[in-house]
Amino acid sequence: MRILTEKELKNIKGGFSLTSTAIKYVGDLIEILILAGRKLGSSIRRIGSGNICPLE
């Protein structure tokens, strides 16, 4: 392994890049999780109160 010069060190690029597409997908994921939580909560309330639609 060789030692890099200061000029080479300044040219190194990397890290995390947050693009608009990534932000959109994170927003979509949060929306899906919130919706799933609401559906689960509604199901638990309906089961607890006995308001379940019959299967037959």
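Lys 24 and Asp 28 form a salt bridge, with the closest N and O atoms 2.9 Å apart. This is a predicted model, so please take the distances as computed from it. Both residues sit in helix H2, residues 20-49, four positions apart, or about one turn of the helix. Lys 24 is partly exposed, at 49% relative accessible area, and Asp 28 is partly exposed too, at 28%.

In total the structure has three salt bridges. Another one joins Lys 10 and Glu 6, at 3.5 Å from N to O. These two are four residues apart in helix H1, which means a separation of about one helical turn. Lys 10 counts as exposed at 62% relative accessibility, and Glu 6 counts as exposed at 57%.

Then there is Arg 2 with Glu 8, where the side chains meet at 2.9 Å, N to O. Arg 2 is exposed, at 57%, whereas Glu 8 is partly exposed, at 28%.

Next, the nonpolar side. Leu 4, Leu 9 and Ile 12 make a surface patch of about 270 Å². Leu 9 belongs to helix H1, residues 6-10, and is partly exposed at 48% relative accessibility.

Now the whole chain. It has two helices and zero strands. The C-alpha trace spans about 75 × 25 × 20 Å along its principal axes. How many of the residues count as buried? The figure is 0% of the 56. The chain exposes about 5800 Å², with 64% of that supplied by carbon and sulfur atoms.

Last, charge: the mean positions of the 9 positive and 5 negative charges lie 4 Å apart.

How values were computed. Residues are numbered from 1 along each chain as its sequence is written. This is a predicted model: local features need pLDDT of at least 70, side-chain atom pairs count only at pLDDT 80 or more; totals for chains, interfaces and linings use all residues. Side-chain values use heavy atoms; hydrogens and water are left out. Buried means under 20% relative accessible area, exposed over 50%, partly exposed in between (1.4 Å probe, protein chains only). Accessible areas come from the Shrake-Rupley method with a 1.4 Å probe; for residues, only the protein chains shown count as cover. Lys and Arg count as positive and Asp and Glu as negative; His and the chain ends are not counted. The place of a charge is taken as NZ of Lys, CZ of Arg, CG of Asp or CD of Glu. Patches are made of residues with over 30% relative accessible area and no salt bridge: like charges are joined within 9 Å, nonpolar side chains (Val, Leu, Ile, Met, Phe, Trp, Tyr) within 5 Å. A salt bridge is a side-chain nitrogen of Lys or Arg within 4 Å of a carboxyl oxygen of Asp or Glu.
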